[in-house]
Amino acid sequence: MTTAKRDTYTPETLLTVAVQVFIERGYDGTSMEHLSKAAGISKSSIYHHVAGKEELLRRAVSRALDELFGILDEEHAGVGSAAERLEYVVRRMVEVLMAELPYVTLLLRVRGNTATERWALERRREFDHRVAGLLKAAAAEGDVRADVEVRLATRLVFGMINSIVEWYRPDGPDGRGGAGEREVVDAVARLVFGGLRKAS
C-alpha cells in the first residue's frame, strides 16, 4: 500500500495520496484510517482539509470529468466535419486519460454505491452521449461506415480508450520506458478511424 511521510499536507497532495489508496483498495474498501496511514498524518489532520473520504472522491472524479468535458469546449472540437471533430475529441480523450491517469482510472472504477459515485456515473453518461452524438453525426454525413451500428461503434471506441488505464504506465511496465504518449494517441486514432472511416 502507498505510504507517505510528510509533515504538511495541502488539499492537492492529500488528494493525490487518496486517489492512489482508492485505486489500490477500492473506494468502499478504504477507511479514513487507511488514508491517514498512507498520508502519514492523523485522521484529524485529514479532517482539517476535507469533510471525509467522499469529498476526496468527489474532488478526484471532478478533476477527471472537468478535463474530459473541457475537451468538448476546445475550438477544434467544434470546427470541421463531424468526423474531423470526432477524431480530435478521441485524440484528446486519450491525451487527457494519460495526463490524468490516476484520476481517470478512479472515475472508470466508480460503481454507483454513493451519491458521489452516482453523480459521477451520470456525468460520464452525459459525456459519452455527447461523443456518441459526434459519431452519429459523422455517420449521417456519410464519413463513417454504415455497416456498424453507431451505438456498438461508440461502445467499442470507448472500450479501447478506457482500457488504456489498465496497461499504460508512463515509465513502461518495468520502469524502463514504454510507449510514448504521442505513440499511443496516434495508434488509437489509426485503429479507430481506420476501422470506422468509410472506404473511398
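Biologist: How many helices and how many strands does the secondary structure of the protein come to?

Modeller: This is a predicted model. Its secondary structure comes to 9 helices and 0 strands. Read from the N terminus on, the elements run α-α-α-α-α-α-α-α-α.

Biologist: What does the C-alpha trace span along its principal axes, and what percentage of the residues count as buried?

Modeller: The trace spans about 65 × 40 × 30 Å. The protein has 200 residues, and 44% of them count as buried. The accessible surface is about 10,500 Å², with 51% of that belonging to carbon and sulfur atoms.

Biologist: Among contacts between residues at least 6 apart in sequence, what percentage join residues at least 24 apart?

Modeller: The figure for this protein is 70%.

Biologist: Which residues does UniProt list for "domain: HTH tetR-type"?

Modeller: The unreviewed entry lists residues 8-68 under that name. In the model, the span is 75% helix and 0% strand, and its end C-alpha atoms lie 31 Å apart. The annotation "DNA-binding region", also from an unreviewed UniProt entry, covers residues 31-50. Over residues 31-50 the chain is 75% helix and 0% strand, with 14 Å between the end C-alpha atoms.

Biologist: Now helix packing. At what angle do α1 and α4 pack?

Modeller: An angle from 65 to 115 degrees counts as roughly perpendicular. Helix α1, residues 11-25, and helix α4, residues 53-73, pack at about 95 degrees, and their axes are 10 Å apart. That angle therefore makes α1 roughly perpendicular to α4.

Biologist: Which residues in α1 meet which residues in α4?

Modeller: From α1 the residues are Pro11, Glu12, Leu14, Leu15, Ala18, Val19 and Phe22. From α4 they are Lys53, Leu56, Leu57, Arg59, Ala60 and Arg63. By class, this contact has 9 nonpolar, no polar and 4 charged residues.

Biologist: How do the axes of α4 and α6 cross?

Modeller: They cross at roughly 105 degrees and come within 8 Å, α6 being residues 101-109. That makes α4 roughly perpendicular to α6. On the α4 side, Leu57, Ala60, Val61, Arg63, Ala64, Leu65 and Leu68 take part, and they meet Tyr103, Val104, Leu106 and Leu107 in α6. By class, the contact of α4 with α6 has 10 nonpolar, no polar and 1 charged residues.

Biologist: Next, single residues. Is Leu135 buried or exposed?

Modeller: The cut-off for buried is a relative accessible area under 20%. Leu135 has 4% relative accessibility, so Leu135 counts as buried. Its place is in helix α7.

Biologist: Which residues does Leu135 touch, leaving out those up to four places away in sequence?

Modeller: Leu135 touches Leu86, Val144, Val150, Ala153, Thr154 and Leu196. As for Val61, Leu135 is 74 residues from Val61 in sequence, and their C-alpha atoms are 25 Å apart in space.

Biologist: Where is Asp143 found, and why does Asp143 count as partly exposed?

Modeller: Asp143 is found in the loop between α7, residues 115-140, and α8, residues 150-167. Partly exposed covers values between the buried limit of 20% and the exposed limit of 50%. Asp143 is partly exposed because its relative accessible area is 28%.

Biologist: What distance separates the C-alpha atoms of Asp143 and Ala82?

Modeller: The separation is 8.1 Å, although Asp143 and Ala82 are 61 residues apart along the chain.

Terms used
Residues are numbered from 1 along each chain as its sequence is written. This is a predicted model: local features need pLDDT of at least 70, side-chain atom pairs count only at pLDDT 80 or more; totals for chains, interfaces and linings use all residues. Side-chain values use heavy atoms; hydrogens and water are left out. Axes are lines fitted to C-alpha atoms, for helices over the stretch in contact, and angles run from 0 to 180 degrees between N-to-C directions. Helices (H or I, at least four residues) and strands (E, at least two) are DSSP runs, numbered from the N terminus. Angles under 35 degrees count as roughly parallel, over 145 as roughly antiparallel, 65 to 115 as roughly perpendicular and the rest as oblique. Contact means heavy atoms within 4.5 Å. Ala, Val, Leu, Ile, Met, Phe, Trp, Tyr, Cys and Pro count as nonpolar, Asp, Glu, Lys and Arg as charged, and the others, Gly among them, as polar. UniProt positions are given in the numbering used here, feature names are shortened, and annotations may be inferred rather than shown by experiment. Buried means under 20% relative accessible area, exposed over 50%, partly exposed in between (1.4 Å probe, protein chains only). Accessible areas come from the Shrake-Rupley method with a 1.4 Å probe; for residues, only the protein chains shown count as cover.
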